[in-house]
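Please keep the sequence and the structure in view while reading.

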Amino acid sequence: MITQMKVSITRIQDFLKEEEQTQFWPSNNTEASSHVALEIEPGEYNWEVNSNSNSKKPTLKIDKRIQAMRGEKVTVCGTVGSSKSSFLCSIIREIPRVTGERITVFGTRAYAPQSAWIQSSTVQENVLFRKEMNRRWYQQVLESCALNMDIRLSKLGPTATPPSWEKGVLT
């Protein structure tokens, strides 16, 4: 309980220390008659915009035009580290655009990022969280959270200590 409280307080402090976003983004279009909800033009985005961006590989490269129509359900799928979160951050304009056209949202947008929270412990201890081992339930949790592939890819066993996580991204 004390650990959870400490993590929560740290997150609140980190949030309060963040700089307020002051950039104005005029590309929001509220045309009610449009059947298009989102238009994405090809471009490159990089979290490290202040460093020499031209010589660095972009964090995200969108190489073709994407359109999402009003009422459509859209999923963003990919493996761990394939820039799914960066793609979503490009839509809400949290990641700086280095090249290309802007992304146009017809209407409003909202985003609730994932926040991973793990203990500095083993994968198994993070899943069980001091509960008694129930193999069937444990395997179901690994499958439901799609952790089996991550464990296989990282060559971690279920009792190995996981790599460090920062802001929901495996490092």
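## Model and confidence

The structure is a predicted model. The protein chain has a mean pLDDT of 76, and 76% of its residues reach 70 or more. Residues 162-171 fall below 50 in pLDDT, although this stretch has 22 contacts in the model beyond its near neighbours in sequence.

## Overall architecture

The protein chain contains five helices and eight strands. Read from the N terminus, its elements follow the order α-β-β-β-β-α-β-β-α-α-α-β-β.

Of the 171 residues in the protein chain, 25% count as buried. When contacts between residues at least 6 apart in sequence are considered, 64% of them join residues at least 24 apart.

## Strand E1 and its partners

Strand E1 covers residues 36-40, and four of these five residues are buried, so the strand is largely enclosed by the rest of the structure. E1 is joined to strand E4, residues 66-69, by four bridges, and the two run antiparallel. Within this pairing, Val 36 stands opposite Met 69 of E4.

E1 also pairs with E6 in the antiparallel sense, over three bridges. Here Leu 38 has Val 105 of E6 as its bridge partner.

## Helix H2

Which residues of helix H2 are buried? In this helix, which spans residues 84-91, they are Ser 86, Phe 87, Cys 89, Ser 90 and Ile 91. An α-helix has 3.6 residues a turn, so residues three or four places apart point the same way.

The buried residues of H2 pack against E1, strand E2 (43-45), strand E3 (60-62), E4 and E6. After H2 comes Arg 93, which has a positive phi, near 65 degrees.

Gly 43 is located in strand E2. Its relative accessible area is 6%, and a residue is buried under 20%, so Gly 43 counts as buried. Leaving aside residues up to four places away in sequence, Gly 43 touches Leu 60, Lys 61, Ile 62, Thr 99 and Gly 100. Between Gly 43 and Lys 64 the separation is 21 residues in sequence and 8.4 Å in space, C-alpha to C-alpha.

Ile 103 belongs to strand E6, which comprises residues 103-105. With a relative accessible area of 2%, Ile 103 is buried. Ile 103 and Glu 41 are 62 residues apart in sequence, yet their C-alpha atoms are 6.3 Å apart in space.

## Cysteines and aromatic rings

How many disulfides does the structure hold? The count is zero. Is Cys 89 buried or exposed? Cys 89 counts as buried because its relative accessibility is 8%, which is under the 20% limit. Cys 145, by contrast, is partly exposed, with a relative accessible area of 49%.

With ring centres required to lie within 6.5 Å of each other, the number of aromatic pairs is zero. A charge does, however, sit over a ring: Arg 130 lies over the face of Phe 129, at 5.5 Å from the ring centre.

How values were computed: Residues are numbered from 1 along each chain as its sequence is written. This is a predicted model: local features need pLDDT of at least 70, side-chain atom pairs count only at pLDDT 80 or more; totals for chains, interfaces and linings use all residues. Side-chain values use heavy atoms; hydrogens and water are left out. pLDDT is the predictor's confidence in each residue, from 0 to 100. Contact means heavy atoms within 4.5 Å. Rings of Phe, Tyr and Trp (its six-membered ring) pair if their centres lie within 6.5 Å; planes under 30 degrees apart count as stacked, over 60 as edge-to-face and the rest as tilted. A charge sits over a ring if NZ of Lys or CZ of Arg is within 6 Å of the ring centre and within 35 degrees of the ring normal. A disulfide is a pair of cysteine sulfur atoms within 2.5 Å. Buried means under 20% relative accessible area, exposed over 50%, partly exposed in between (1.4 Å probe, protein chains only). Two strands pair if DSSP finds at least two bridges between them.
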